[in-house]
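Work through the exercises below with the sequence and the structure in view, and try each task before reading its solution.

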Amino acid sequence: QENLDPSIPKEFALNQNYPNPFNPTTTIEFAVASAGNVSLMVYDVRGRVVDNLVNQNLSPGLYSFGMSGANLSSGMYFYKLTVKNSSGFSIFSETKKLVLMK
């Protein structure tokens with residue numbers, strides 16, 4: 001985990017992972033506009049969770065998380081960023097796909 005920029009983003013954002021396709025590691029960056037409980041999950045094409053990259057309260061900022069596909073098989077996966085406010089309501093959610101090629 002790395003907070004890339006101390007300035008506060010104006011909106012939430014989930015960036016495309018890079019490199020994509022990847023083998024064996026990739027990086028996912030996202031922006032948090034207001035503090036909240038942040039979840040970054042990776043799913044297979046059947047909707048099963050294969051990795052839980054983030055599940056914690058984060059302050060506003062830009063973040064970067066690495067992911068290893070060493071224990072996964074080649075194929076398409078999806079990563080979903082969800083941010084909930086202090087009341088537990090989802091205030092942002094976005095999903096993107098990534099491809100692992102071994």
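Predicted model: local features only at pLDDT ≥ 70, side-chain atom pairs only at ≥ 80, totals over all residues.

**Exercise 1.** Determine how the rings of F30 and F65 are arranged, and where the two residues lie in the chain.

*Solution.* A pair of aromatic rings is described by the distance of the centres and the angle of the planes. The centres of F30 and F65 are 5.7 Å apart and their planes form an angle of 5°. Planes under 30 degrees apart count as stacked, and the pair of F30 and F65 is accordingly stacked. This pair links distant parts of the chain, since F30 belongs to strand β3 and F65 to strand β6, 35 residues apart.

**Exercise 2.** Find how many aromatic pairs the whole structure holds, and which residues the ring pairs link into a cluster with F30.

*Solution.* The search of the whole structure gives 3 aromatic pairs. In one of them, F30 and Y63, the ring centres are 5.7 Å apart and the planes meet at 25°, so this pair is stacked. Ring pairs join F30, Y63 and F65 into a cluster.

**Exercise 3.** Describe the secondary structure of the protein chain and state how its radius of gyration relates to the globule rule.

*Solution.* The protein chain has 0 helices and 8 strands. Its radius of gyration is 13 Å, close to the 13 Å that the globule rule gives for 102 residues, so the chain is as compact as a globular protein of that length.

Methods:
Residues numbered from 1 in each chain as written. Heavy atoms only, no water. Helix = DSSP H or I, 4+ residues; strand = E, 2+ residues; numbered from the N terminus. Rg over C-alpha atoms; globule rule 2.2 N^0.38 Å. Phe/Tyr/Trp six-rings, centres within 6.5 Å; stacked < 30°, edge-to-face > 60°.
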